[in-house]
Amino acid sequence: MNFTILRFDSIESTNSEALRQAKLGADEGLCIIANEQTKGRGRHGRVWNSEKNAGLYFSIILRPKIEIRFLPLLTLMSAVAVTDVLRQTFGLNPDIKWANDIHVNEKKICGILAEAIETKKGLAVIVGIGINLKSSNFPPEFAESATSIGAETNKIPNLEKLLENLTAKFANYYEIFKSENGAEKIRQQWTRRSSYAFGKEVRAVLTNETVYGKTCGIEENGALRIQTENREIKIIQAGEVEMLRKIP
Ligand code: BTN
């Protein structure tokens, strides 16, 4: 996979720009990166706090030739790639909270927002990755629940090195995904890196109900299986869950 990096000092949202570029026909591998986002977006319409030089704000355009049912696995794949970089480059011990939040010491360090769009060149998927580099400017409401590479290692990481390692890992797992049995291989990699895969007591808030139970693996498309108290298996798709919390 070839990457072309497009850099911005300040931008509304790297995902929005990548969506725009994909619509205009940009090739797979175009990456948008910015020092600051003025309208950084999180999942469920939330704001992604994107202070200047305090995070990696990065989006990549994919034009995946994979079965549609496996598309949700692209976010799980991205989480696997980020996790490896955090472990191998910074010596951290990250955990993937289903489906694709990355935590270190129980605090969120990275969020991933994947968005699909139909373009004249076919379906494009934008994977947006936000990694906290330093915590000094966190708004007070995030102080308890978020962390950063800087806070965890006492060093502010080099953004260029991080980007290089991340794109290399990403390309590596994307090749694996596209290979024979790729979806299964990605599921296995994700399962190994997530304490949420099995036996985690959780509460999942969906639009119309709240599900309590113990996690028991993921489906072939990455949906989470939760076994409720009466032994029923509920299958939760990433898009339908508003909030997932472990039950302490
Ligand atoms: C989440 O956890 O809610 C997902 C957060 C995703 C944030 C990244 S930062 C780069 C890209 N551009 C955006 O506007 N959002 C994603």
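Buried residues have under 20% relative accessible area, exposed residues over 50%, and partly exposed residues fall in between (1.4 Å probe, protein chains only). The model is predicted: local features need pLDDT of at least 70, side-chain atom pairs count only at pLDDT 80 or more, and totals for chains, interfaces and linings use all residues. Residues are numbered from 1 along each chain as its sequence is written, and side-chain values use heavy atoms, with hydrogens and water left out.

**View A. Arg-231, a non-glycine residue with positive phi.** The phi angle of Arg-231 is about 70°. Arg-231 sits in the loop between strand 10 (224-227) and strand 11 (233-236); strands (E, at least two residues) and helices (H or I, at least four) are DSSP runs, numbered from the N terminus. With a relative accessibility of 65%, Arg-231 is exposed.

**View B. Glu-106, with phi near 70°.** Glu-106 is not a glycine, yet its phi is positive. The loop that holds Glu-106 runs between strand 5 and strand 6 (107-119). Glu-106 is exposed, at 57% relative accessibility.

**View C. The cis peptide bond between Trp-98 and Ala-99.** Omega is about 0° for this bond. Ala-99 belongs to the loop between strand 4 (94-97) and strand 5 (101-104).

**View D. Cys-31 and Cys-110, two buried cysteines.** Relative accessible area is 0% for Cys-31, and relative accessibility is 0% for Cys-110. The closest cysteine sulfur to that of Cys-31 is in Cys-110, 15 Å away, which is too far for a bond. A disulfide is a pair of cysteine sulfur atoms within 2.5 Å, and the search of the whole structure finds 0.
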